[in-house]
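Here is a briefing on contacts and salt bridges. Please look over the model before reading the points below.

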Amino acid sequence: MINIDAHNHVSGKSIYLDDIIEWKGTLYALPFDVPVAHAKLGQIHMSGALSMAGVIAIFTAKDIPGKNQIGGIIADEPLFAEGEIHFWGQPIGIIVATSERICRLAREQIKIDFTALPVITDPREAQAKNMLICPPRNFQMGDVNSAWDDCEFVFEGEVNINGQEHLYIETQGAYARMKEDGSILIASSTQGPTAVQRTISNVLDIPMHKIEVDTVRLGGGFGGKEDQATGWAVMVALAAQKLQKPVKMVLHRMDDMRMTGKRHPYSADFKIGLSSDLKIIAYEATFYQNAGAAADLSPAVLERTLFHATNAYFVQNVHVTAFSCKTNLPPNTAFRGFGGPQGKFVIEAAITKVAESLGIPASDIQKRNLLQDGDEFSYGQIVDQCEAQNAWNSCE
Amino acid sequence: MFNEQNAHFKKGVAVQPICFGISFTNTMMNHARALVHIYQDGSVVVSTGAVEMGQGVNTKMLQVVVQKFGVGAENVRIESTNTLRIANTSPTAASAGADLNGKALEMACVSLWERLENVAAEHFSISNLKIQNGMLFDGFQNSGNNWLDLIQKAFQLRVNLSEHAHYATPMIHFDKVIGKGHPFAYHVYGTAILEVTVDCLRGTYHFDKVQIVHDLGKSMNTHIDNGQIEGAVVQGIGWMTLEEIIYNKEGKLITNALSTYKIPDIYSVPSEINIKHLESQGHEMAIQKSKAVGEPPLMYGLGAYFAIRNAVRAFNPDAEFEIDAPYTPEKVLMDLYKGR
């Protein structure tokens with residue numbers, strides 16, 4: 001069966017958030033920030049913007065009726081910055097106006113006082129200063145320390161992996177309107193409608209049964225709208241509740257790229273030991289995850305790095321450790337693979353290093369160590385219905 | 001051979017096996033719900049917790065219903081994901097959207113089917129109900145009645161034509177404190193071979209061929225699954241090659257637009273991507289034994305880094321190189337002439 005959306009997609013008939021027929025009286029919202037990654041916030045000068053024709057309101061942290069908090073796993077991320085800025089692009093508030101263009105012009109009129117603080121962008125530097133999102137995690141199987149002596153070859157090295165922008169074609173956006181009795185309908189370009197509903201409930205201080213989140217489809221998500229679609233939806237819901245008018249926000253590409261988190265960059269150290277017949281006997285790795293300024297989904301991403309640290313290989317002695325490091329970057333988030341790709345990249349790099357040092361193809365080592373039924377993953381699950389060797393053999 | 005004959009172009013090859021666990025590693029998130037209404041005109045509307053984001057989950061949901069009821073696709077509509085219709089959803093993520101929501105949908109359809117079987121037995125004397133192209137069969141015998149007759153009779157008899165079902169992945173568990181358990185419903189496997197040619201004067205490169213053998217189990221939709229594999233491998237290659245995020249020391253994003261952040265375009269995707277489906281039995285915990293496909297194939301792209309590195313080493317065999325992804329053409333050029 002062909003994709004049921006195929007014809008509507010190619011003929012432009014599919015409805016995305018920005019295609020929803022607008023309700024009468026719709027207002028437009030735009031987030032504003034300050035060009036600094038770490039600072040003490042001073043006064044926000046809004047009078048110039050507020051006096052512009054078409055500007056309806058500006059909302060900041062002090063306008064929030066419930067909790068100024070959108071953190072999913074850990075409550076460490078305000079909807080609007082309060083007192084301090086922790087990353088370049090952190091929303092301080094939103095402007096609501098009768099058109100998107102007026103919002104943009106008004107944004108230029110907002111002046112914000114701040115005192116810059118030291119900025120950390122490197123995860124190893126953050127870890128050295130004990131700036132961690134959550135306690136370190138580690139997975140262990142066998143005993144690496146006693147295994148090194150049994151190894152014919154032992155190699156160590158360092159790996160760096162950069163992040164990745166989701167670049168969904170449809171940028172972040174949401175559209176809210178009031179129903180009766182303080183109920184709200186929010187159309188949201190989100191992978192997690194319930195997260196949107198739950199967070200609006202906390203921030204607006206209304207029960208979940210008064211919040212209807214509706215998602216027709218997304219123009220791409222890739223993980224970037226698992227947790228990070230929420231904030232924008234909360235902002236329009238807040239404005240709709242305050243103004244009793246429909247309010248819509250669709251981010252400009254450059255705002256989206258600046259303000260949202262991405263795939264986590266990682267730095268890592270590895271140590272790998274093999275027998276003379278190229279069996280990997282021991283593998284040790286330490287991962288430094290660049291989480292950005294708040295937890296977002298980083299602890300879960302960190303865990304998946306450990307789950308997949310040995311990729312498709314059986315290693316009997318494994319010790320992998322991971323630090324989620326707090327830096328002054330936008331909070332990094334879910335991205336297709338969710339930390340798994342970074343974990344795999346490091347062991348592939350380790351195998352490459354061994355192969356280059358021994359002057360043999362990496363594939364000799366890879367093939368020798370592929371998983372098979374009955375093997376155990378470092379997290380205790382037993383391998384069954386394994387297709388690693390079948391896939392390799394049919395590809396060769 | 002190519003590398004011996006060409007001074008300024010070098011080919012590199014890497015093999016990239018993958019193994020990826022399917023399930024949210026936070027066990028409590030592995031459940032989903034589905035709501036099915038059959039209206040009195042025989043049309044069917046479906047809501048699940050799955051969010052359509054281009055991955056084709058709605059098409060797979062529709063297939064579940066069509067295959068269970070034996071009616072044409074035009075009879076079934078997949079509605080938006082809505083918190084009033086489907087409560088307490090997990091995000092559509094972890095490659096698990098089709099599995100979790102599809103299993104819930106299957107359960108809802110089975111309950112409705114059982115009621116319809118009773119109606120068919122009592123009022124159309126059909127003891128072994130099968131529906132094909134909307135016609136009711138008793139085994140292989142066409143009864144002459146159709147889906148609409150069955151639904152209208154059920155409605156007259158005040159049979160409930162709506163069903164809401166809940167599915168929670170069985171078996172899985174994980175103890176975070178000791179880091180042991182059985183967190184994944186199953187694993188997805190595969191292997192890719194990536195071939196690249198590096199222009200050793202410019203540092204640019206092009207992927208000539210990516211050959212993939214991927215374990216889909218029993219794919220319920222090969223068009224959609226191949227699309228997911230192609231998209232994922234290209235996204236993975238992009239991450240390892242062209243896509244470079246740069247923040248300056250002050251924490252400002254420098255690559256803040258499409259002019260400075262490059263994703264693969266039609267010119268930079270591999271000339272050839274061959275996908276072969278591994279003949280495997282599939283897994284009971286995958287929807288219709290069709291294994292999850294969203295994330296795993298992205299990791300074939302990791303091989304792009306190592307393929308380029310092998311080509312660079314063919315040109316400059318004696319230097320020591322860092323491992324620092326992505327391997328942009330700038331970094332490739334520096335490595336090609338490192339120590340020379």
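**Briefing: a buried pair and the interfaces around it**

K291(B) and D215(B) are both buried (under 20% relative accessible area; over 50% is exposed, in between is partly exposed; 1.4 Å probe, protein chains only). Their side chains meet in a salt bridge, 2.7 Å from N to O. The term means a side-chain nitrogen of Lys or Arg within 4 Å of a carboxyl oxygen of Asp or Glu. K291(B) sits in the loop between β14 (273-277) and α6 (302-315) of chain B, and D215(B) in the loop between β13 (205-214) and α5, so the bridge ties together parts 76 residues apart in sequence. Helices (H or I, at least four residues) and strands (E, at least two) are DSSP runs, numbered from the N terminus.

This is a predicted model: local features need pLDDT of at least 70, side-chain atom pairs count only at pLDDT 80 or more, and totals for chains, interfaces and linings use all residues. Residues are numbered from 1 along each chain as its sequence is written, chains are lettered from A and ligands numbered from 1 in the order in which they are written, and side-chain values use heavy atoms, with hydrogens and water left out.

**Salt bridges in chain A**

- Over all chains, a search of the whole structure finds 31 salt bridges.
- One of them joins K248(A) to D18(A), with the closest N and O atoms 2.7 Å apart.
- That pair links distant parts of the chain, 230 residues apart: K248(A) is in strand β12 (residues 247-250), and D18(A) is in the loop between α1 (6-10) and β1 (27-32) of chain A.
- K248(A) is buried at 4% relative accessibility, whereas D18(A) is partly exposed at 42%.
- D255(A) and R104(A) also form a salt bridge, at 3.8 Å from N to O.
- D255(A) belongs to helix α8 (residues 253-259) and R104(A) to helix α3 (residues 100-109) of chain A, 151 residues apart.
- D255(A) counts as buried at 3% relative accessibility, and R104(A) as partly exposed at 24%.
- Both residues belong to a salt-bridge network that links D33(A), E100(A), R104(A), R107(A), D255(A) and R258(A).

**Interface of chain A and chain B**

- The contact (heavy atoms within 4.5 Å) takes 91 residues from chain A and 96 residues from chain B.
- The two chains bury about 7700 Å² between them, 58% of it on carbon and sulfur atoms.
- Buried area is the accessible area (1.4 Å probe) that two parts lose on being put together, summed over both.
- In chain A, M1(A), R336(A) and C395(A) lose the most area to chain B, together 10% of what that side buries.
- Four salt bridges are counted between the chains.
- E356(A) forms a salt bridge with R309(B), the closest N and O atoms being 2.7 Å apart.
- Helix α10 (residues 340-358) of chain A gives the most to the side of chain A that touches chain B, with ten residues.
- By class, that side of chain A has 39 nonpolar, 31 polar and 21 charged residues.
- Ala, Val, Leu, Ile, Met, Phe, Trp, Tyr, Cys and Pro count as nonpolar, Asp, Glu, Lys and Arg as charged, and the others, Gly among them, as polar.

**Domains of chain B**

- Chain B is divided into domain 1 (2-23 + 184-336) and domain 2 (28-170), with bounds from an automatic or database domain assignment.
- Their centres, taken over C-alpha atoms, are separated by 38 Å.
- The contact takes 21 residues from domain 1 of chain B and 18 residues from domain 2 of chain B.
- About 1500 Å² is buried between these domains, and carbon and sulfur atoms give 51% of that area.
- In domain 1 of chain B, M220(B), M285(B) and I287(B) lose the most area to domain 2, together 37% of what that side buries.
- One salt bridge is counted between the two domains.
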